[in-house]
Amino acid sequence: MIYVVRPGDSLYELAERYGIPADQIAYDNQVQNRRALVPGEALLLRGVEPEPGPVRQMEVSGYAYAFIEQEILQEALSYINELLIFSYGFTVTGDLIPPLYNDLPLIEQAWQTGTEPYLVLTPFGVDGNFNNYLVKLVVTDETVQRNLIDQLLYTVQSRGYAGVDVDFEYILPEDREGYAAFVGNLRMRMNQNGYRVSVALVPKTSGIQAGLLYEGMDYRLLGESADWVFLMTYEWGYTYPHLSYRLDWPGSFG
């Protein structure tokens, strides 16, 4: 059962109500502060039958590195619809950079459980960090973009992916329209060959929110350009520093 926390709920009250250990709820949902559940937060209550209610179509996705432990992967695959394998980067010429670890075992295991594996594309350079100079190149240089899309299609076909998930961050404001156009061009090419494209969006609180994470993402344009989008709302509760980006060309700012 997926339970949505209501005001006044506590971990121990939920455990008593549904007859499962509080430790199990905390473990399954990575709850660290057991005294402070957040209203609106979704909790997995393993072993509890869903309460009757309106039937809704829900797709569940999960990110995984290729070095994920097998036990964790096998358990996760029983709950998710799409496995987003993190991640492929690319060079200044648009050549794909594969993950450090072999992704084929994850792709095969995903299909065996009926889960669709997606190639995650990030603007990671050879150093493995977010680099918005790469974003600028791929949205402004047609040759680089064409090469990258060609290599993505070949990789999706040859390795057995269901499509591509685009996870670009720290996009400069002047590149927002070009970024959406790139996603649209990628989607058109993938759809023509039977594959799909999703795009990850940083969580904004308004269309004019300032900041390097937000100004380069146009929700409307990206929504029109991709098969579907999802909001990375985990950014609001991220526990560790998220500073892995570079601004390394003349005239850059931070």
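The crossing of helix 1 and helix 2 is right-handed. Right-handed here describes a near helix turned clockwise from the far one by less than a right angle. This is a predicted model, where local features need pLDDT of at least 70, side-chain atom pairs count only at pLDDT 80 or more, and totals for chains, interfaces and linings use all residues. Residues are numbered from 1 along each chain as its sequence is written, and side-chain values use heavy atoms, without hydrogens and water.

**The helix pair.** Helix 1 spans residues 11–18 and helix 2 spans residues 22–29. Their axes come within 8 Å and cross at roughly 115°. Axes are lines fitted to C-alpha atoms over the stretch in contact, with angles from 0 to 180 degrees between N-to-C directions. Helices (H or I, at least four residues) and strands (E, at least two) are DSSP runs, numbered from the N terminus. Leu11, Tyr12, Leu14 and Ala15 in helix 1 meet Ala22, Ile25 and Ala26 in helix 2. Contact means heavy atoms within 4.5 Å.

Glutamate 51 touches Met1 and Tyr18, leaving aside residues up to four places away in sequence. The C-alpha atoms of glutamate 51 and isoleucine 85 are separated by 32 Å. These two residues are 34 residues apart along the chain.
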